[in-house]
Amino acid sequence: MLDFDPKQIVLPNGHFIGGRRVPGEASIDVLRPSDGQPMAGIPDAGGALVDYAVNDARRASRACGWGTRAPRDRARVLIRWADLIDVHADELARLEALGSTRTISKARNFDVPFTSECLRFFAECADKFGGDTLPTRHDSLGFVMPEPYGVVAAIVPWNFPLVMASWKCGPALAAGNALVLKPSELTPFSILRMAELAVEAGMPAGVFNVVQGRGQSAGAALVRHPLIGKVSFTGSTRTGAAIMSEAANHGAKPVTLELGGKSPQIVFADAGDPAVVAQRILRGFTSNAGQACVSGTRLIAQRGIAERLIDAVIGQAAALEPGPTWREATRFGPIVSELQAGRIHAAVRDSVAQGASVLCGGDCFDTAGHGFFYRPTLLANVAPDTRAVREEIFGPVLTVQTFDEEEEALSLADHPTYGLAAGVHTQDIGRAFRAMRRIEAGTVWINRFGRTYDFIIPTGGFKGSGIGKDLGRQAFEANFRYKSVLIDF
């Protein structure tokens, strides 16, 4: 039984610097999304605290030689860390579920195991990739030598706190960098416990530091810091653009940005049983209550299957009942905050004013003021300039468009701003490959929608959906700078 009493959870608090918790004045109130009740307050790091954390990371990394250790030694630490995360899986899952949108069943059965396996994957990368020997004159030797940046900054979002932290921690630390990470101020607690377990596993104190605070204060100070060699961020396209600008203006730092999306799901008439395809479509836009950058929020269905498919999606959506994240039976969790729920509803309301028709949903669940839950919503009669088609809503809202011919579907799938992910549902392999080549997206899923435990497959977007990759060898190699060497004999 995974159910737990939210009032019985003891929360870690403060920053984590130099291998220990560092208290600070609690100036940000953190609420539970499931019932809107306050959990605790956290500090908001300013420039001085961020400077302390970054300098501590640099000092610690140099003192212990983290970046110059044998790669297998770093790997062993990361693997012990992953093992401890598994040992403390129940504790971490409760912390994750209590203060985020992740239900306890998802946190325990997916998020925590994914986090530990992600660390193991990057641990095993530590000694698998290196530089290259290059063709030069016969009396010289040319090669490229990778070396860590030194101190890397990571800023992670609120929707999958532990998972997103593993995306950043794994490659940066395996490559020999020190890391200063800022969690979202909405979901600050589980990552603190994760950091404590890193030190218990043998991570030298200070090599992995955590600073709390808002993006405008702690996040901005971290990006601007002159000792930060690289920035990795997952979040909105608007914030990513601001980070890219700040990084360029403060040392021309490289950035990895995994940003927003407005992912299409194209369903051809030969996709198969509409009820089965509807399950994929439903998961694609209601997983985590639609609060995922890759959410498949634009259904583009061929007329031969559209009516049956839409009816099946509506029927399955009607069965989703909201519940608190600390109940194992809950399958549909909350929106992270009242502010975000209001943004979702405003986007739906504006789209209806532009001519969209509400097929189901269109408002919040009535929870008597306890928590923030938005009904799965389908909007038809939408145009390319309808707000729900044009903007990332970050909620369980699906727009519906229909087509007759393949070319029309691919034209509808193209988005002027985003190119993060896409889904194609068809039994025609030629059609699937044509669509895969044509769609401008960093990830294309065929006859499925969503990530797996295949950490070797990188993720990242095109256009306004980002720069660079998380996961895969690409993420590991992006945590090095490369030095060219030429030796005359």
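Which strand does T399 lie in? The model is predicted.

1. **T399.** T399 lies in strand β16. Its relative accessibility is 0%. Buried means under 20% relative accessible area, so T399 counts as buried.

2. **E258, the annotated residue.** UniProt lists E258 under "active site", and the entry is unreviewed. E258 is found in strand β11, which covers residues 255–258.

3. Is E258 buried or exposed? E258 is buried, because its relative accessible area is 1%, against a cut-off of under 20%. Leaving out residues up to four places away in sequence, the residues E258 touches include W167, F233, T234, G235 and C293. L420, R451, T459, G460, S465 and D470 are also touched by E258.

4. **Helix α10, span.** Helix α10 runs over residues 303–318 and has 16 residues. From first C-alpha to last, α10 reaches 23 Å. That is close to the 22 Å expected at 1.5 Å a residue.

5. **Helix α10, buried residues.** The buried residues of α10 are I305, A306, L309, I310, A312, V313 and A317. An α-helix has 3.6 residues a turn, so residues three or four places apart point the same way. What covers the buried residues of α10? The cover includes strands β12 (264–267), β13 (298–302), β14 (357–360), β15 (377–380) and β16 (397–403). Helix α9 (274–286) is included as well. Strand β16 is also where T399 lies.

6. **Helices α5 and α6.** Helix α5 covers residues 161–174 and helix α6 covers residues 189–200. Their axes come within 9 Å and cross at roughly 45°. At that angle, α5 and α6 are therefore oblique to each other. The crossing is right-handed. On the α5 side, the contact is made by P161, L162, A165, S166 and C169. On the α6 side, it is made by S190, I191 and M194.

7. **Helices α2 and α4.** The axes of helix α2 (residues 71–87) and helix α4 (residues 104–125) come within 8 Å. They cross at roughly 170°. Angles over 145 degrees count as roughly antiparallel, so α2 is roughly antiparallel to α4. From α2, the residues in this contact are R72, A75, L78, I79, W81, A82, D83, I85 and D86. They meet V112, T115, S116, L119, R120, A123 and E124 in α4.

Notes:
Residues numbered from 1 in each chain as written. Predicted model: local features only at pLDDT ≥ 70, side-chain atom pairs only at ≥ 80, totals over all residues. Heavy atoms only, no water. UniProt positions renumbered as here; feature names shortened; annotations may be inferred. Helix = DSSP H or I, 4+ residues; strand = E, 2+ residues; numbered from the N terminus. Buried < 20%, exposed > 50% of the residue type's maximum accessible area, 1.4 Å probe, protein only. Contact = heavy atoms within 4.5 Å. Expected span 1.5 Å × (residues − 1). Axes fitted to C-alpha atoms, helices over the stretch in contact; angles between N-to-C directions. Parallel < 35°, antiparallel > 145°, perpendicular 65-115°, else oblique. Left-handed = near helix turned anticlockwise from the far one by under 90°.
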